[in-house]
Every structure is written in structure tokens, then in C-alpha cells.
Amino acid sequence: MNAKAPVMNYAQYRKMRKILHECCNLDNGHCLILDSVCAQSISYTLLCNWFREAILPLDKELADSLLNKSALKSCIICGKRFLPNSNRAKYCSICSVLERRRREAARQRRCYADKQYSTHLEM
């Protein structure tokens with residue numbers, strides 16, 4: 001682990017504590033691998049490799065915010081941080097659907113208005 005371990009803020013730490021109970025190596029707060037207190041449960045840094053590889057992917061939002069900080073973008077509409085699929089992405093997954101519907105409806109309205117205007121001129 002050459003890279004610096006990601007540091008969590010309090011909200012991320014609370015989310016991590018909730019999913020930590022999914023770890024198969026955790027037994028009443030003790031790590032079966034280390035035979036001691038689970039280091040991940042008492043630290044604000046992402047220390048445990050098992051947790052990073054097996055448990056953290058269960059919460060995609062938390063994993064993205066901890067592991068891909070440099071690649072995250074902010075949604076233009078809601079401001080939520082998201083991991084883009086391309087370098088042109090502007091919206092999170094929820095807002096992209098809503099924005100596409102809004103633009104499609106506007107395009108349809110323009111198309112309908114143009115058809116009515118052109119048929120009105122022909123008369």
C-alpha cells in the first residue's frame with residue numbers, strides 16, 4: 001500500500017461503521033485475522049485491505065468518495081458528487097435522466113410549435 005490511506009470525515013466514518021458489520025472477519029468488534037480490535041472500527045483512515053476490497057464496494061457512494069476523490073465531479077443541478085463515466089459528464093445519474101426528459105420535452109414542444117406554425121402559413 002504505497003498510496004496514502006484515505007481519511008474520512010465524520011459522516012463517512014458513520015457510514016463506514018454501519019457497513020462494517022458485513023465483514024466476515026469481525027467477531028464482536030475483534031478482527032479474526034489480526035486477533036485484536038478491528039483497526040478499521042477505531043480509525044478515521046482506511047486501513048484494512050480486506051475492508052477496502054470486500055466490504056467497501058457494498059456502499060458505492062462511500063467507496064467512490066474515498067477511493068476516487070480526484071476523479072469526482074459535482075452535478076450541475078443538485079451539487080452531489082459523482083464518479084463520471086466520461087470526461088463530458090455534467091450530471092449525476094438521477095439528474096441526467098431528469099435533464100434528458102426535460103430537454104426531450106422542450107424539443108418536442110418546439111417541433112410541435114414549428115409544425116403548427118408552418119401549417120398555419122400554408123392556409
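Author: Gladly! Contact means heavy atoms within 4.5 Å. Leaving aside neighbours within four places in sequence, L62 is in contact with Q12, K15, M16, I19 and L56. This is a predicted model, where local features need pLDDT of at least 70 and side-chain atom pairs count only at pLDDT 80 or more, while totals for chains, interfaces and linings use all residues. Residues are numbered from 1 along each chain as its sequence is written, and side-chain values use heavy atoms, with hydrogens and water left out.

Reader: Which residues have the most contacts inside the largest nonpolar core?

Author: A nonpolar core is a set of buried (under 20% relative accessible area, 1.4 Å probe, protein chains only) Ala, Val, Leu, Ile, Met, Phe, Trp, Tyr and Cys residues joined through side-chain atoms within 4.5 Å. Here the largest has 15 residues, and M16, I19, F51, L56, L62 and L66 have the most contacts inside it. Two or more of its residues come from each of α1, α2 (49-55) and α3; these helices are DSSP runs of H or I, at least four residues, numbered from the N terminus. Another core, of six residues, lies apart from it and includes C75, Y91, C92 and C95.

Reader: And how much space lies in the largest pocket?

Author: On a 1 Å grid over the protein atoms alone, a pocket is an open set of points where a 1.4 Å probe fits, with protein on both sides within 12 Å along at least five of seven lines; lining residues have an atom within 4 Å of a point. The largest pocket holds about 460 Å³, a volume filled by probe spheres set on the points. Of its 19 lining residues, D64, K80, R81, F82 and L83 lie nearest the centre. Helix α3 gives the largest share of this lining, five residues.

How values were computed:
Buried < 20%, exposed > 50% of the residue type's maximum accessible area, 1.4 Å probe, protein only.
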